[in-house]
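Subject: Structure handover

Hello,

Here is the structure I promised to pass on. Please open it first, then read my notes below.

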Amino acid sequence: MKKLLALALALVMILGAASAFADYKVAFSQIGQESDWRTANTDSIKAAIENHEGWELIYDDAQQKQENQIKALRNFITQGVDVILFTGVVSTGWEEVLKEVNDEEIPLLLIDRLPDCIDQIDYVAAFGGDFVEEGRRQVAWAGEYLKSIGRGEEEINVAIMEGTTGASAQVGRTEGNLAALANYPNMKVVAQQSGNFTRAEGQPLMESWLKSIDKIDVLIAQNDDMALGAVDAIKAAGLVPGKDIIIVGCDSVKAAFDAIVAGDMNATIECTPLYGPFVVETIEKLQAGETLSKEVIHPEEGVFDMDGGIDVGGIVSVKAADVIDQRQY
Ligand code: GYE
């Protein structure tokens with residue numbers, strides 16, 4: 001009996017100690033689960049926080065709705081969390097709620113899709129892809145590839161499949177796409193519409209374009225999921241993806257690597273979703289009382305394609321098959 005009591009007492013002490021350690025609440029307002037990129041991003045951040053001693057993750061999936069994200073942020077405030085990780089489904093409309101976070105002096109870490117009120121609010125650090133540069137690289141890859149196969153003077157019809165309208169990833173990539181097109185007068189846009197960053201919407205959008213547009217030479221899809229949906233539609237229409245239509249995606253997810261190696265896609269511009277290490281490093285610095293730089297940090301990213309060697313300006317593409325085994329997402 002005595003032994004049992006001692007055991008129970010020890011257990012109570014251990015549990016008490018564990019919960020005393022896990023007292024730093026890290027809240028994360030995620031957009032949803034629209035793509036392979038998003039899944040990898042969620043997994044990376046969740047695992048990093050959950051495996052960190054003393055940290056507890058409070059996670060919310062907004063299912064692509066801004067109003068859900070606003071609700072989640074207000075819940076985080078009510079719960080008295082210690083830090084908030086935030087990425088916005090769209091770029092506008094965040095100032096009021098983010099100022100409420102500021103008023104409560106909860107440190108705010110901006111990640112991925114940054115809000116357009118970034119200069120009006122306080123935040124401790126900001127980290128995400130350089131979307132304008134990614135969009136520029138997509139078109140530059142297509143333009144330079146066409147030159148390399150002797151089609152640099154040919155009139156080329158381009159379709160741009162955009163991401164979720166109003167998302168900073170869509171706004172930035174579109175800006176980059178259009179800016180780069182000015183360098184390739186032979187390429188002209190014949191279609192431009194949102195496929196919402198999903199495979200499920202990329203497929204029917206491509207299907208309808210193939211019915212209504214005489215000739216599409218190049219598809220610029222602002223993420224790989226939409227590109228892969230388009231591949232299905234192109235095959236169903238009896239055309240050969242990667243040959244009849246040159247396809248450039250973005251993100252560099254595993255499925256896109258597989259498609260490139262199989263010859264169904266031509267290239268993918270990297271946008272890394274692996275934010276776990278950055279999040280951990282930043283929160284640890286925050287806990288140590290360090291002041292962090294407000295400069296937006298863009299991770300270094302590559303370009304991957306069928307054969308490698310395409311110079312997109314400042315960076316040369318790498319053959320996907322050569323590095324497929326090293327990919328982490
Ligand atoms: O490219 C896309 C995802 O915001 C960078 O969102 C992210 C984008 C990513 O759905 O696949």
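Domain bounds here come from an automatic or database domain assignment. This is a predicted model: local features need pLDDT of at least 70, side-chain atom pairs count only at pLDDT 80 or more, and totals for chains, interfaces and linings use all residues. Residues are numbered from 1 along each chain as its sequence is written.

Domains

The protein chain is assigned domain 1 (2-128 + 274-287) and domain 2 (131-273 + 302-326). Their centres, taken over C-alpha atoms, are 33 Å apart. Domain 1 puts 15 residues into the contact, and domain 2 puts in 17 residues. Contact means that the C-beta atoms of two residues, placed from the backbone, lie within 7 Å. The side of domain 1 that touches domain 2 has seven nonpolar, five polar and three charged residues. For these classes, Ala, Val, Leu, Ile, Met, Phe, Trp, Tyr, Cys and Pro are nonpolar, Asp, Glu, Lys and Arg are charged, and the others, Gly among them, are polar.

Ligand

The ligand is surrounded by 14 residues. A residue is near a molecule or strand if its C-beta atom, placed from the backbone, lies within 6 Å of it. The closest are Ser35, Trp37, Ala169, Phe197 and Asn223. By class, the shell has five nonpolar, three polar and six charged residues. Both α2 (36-50) and β9 (246-251) supply at least two residues of the shell. Such helices (H or I, at least four residues) and strands (E, at least two) are DSSP runs, numbered from the N terminus. Where does the ligand lie relative to domain 1 and domain 2? Both domains give residues to the shell, so the ligand lies between them.

Helix pairs

Helix α7 (residues 199-212) packs on α8 at about 45°, with the axes 7 Å apart. Axes are lines fitted to C-alpha atoms, for helices over the stretch in contact, and angles run from 0 to 180 degrees between N-to-C directions. α7 and α8 are therefore oblique to each other (under 35 degrees is roughly parallel, over 145 roughly antiparallel, 65 to 115 roughly perpendicular, and the rest oblique).

Helix α8 (residues 224-236) also packs with helix α9 (residues 254-262), at about 40° and with axes 9 Å apart. Asp224, Ala227, Leu228 and Val231 in α8 meet Ala255, Ala256 and Ala259 in α9. That contact has six nonpolar, no polar and one charged residues.

Best wishes
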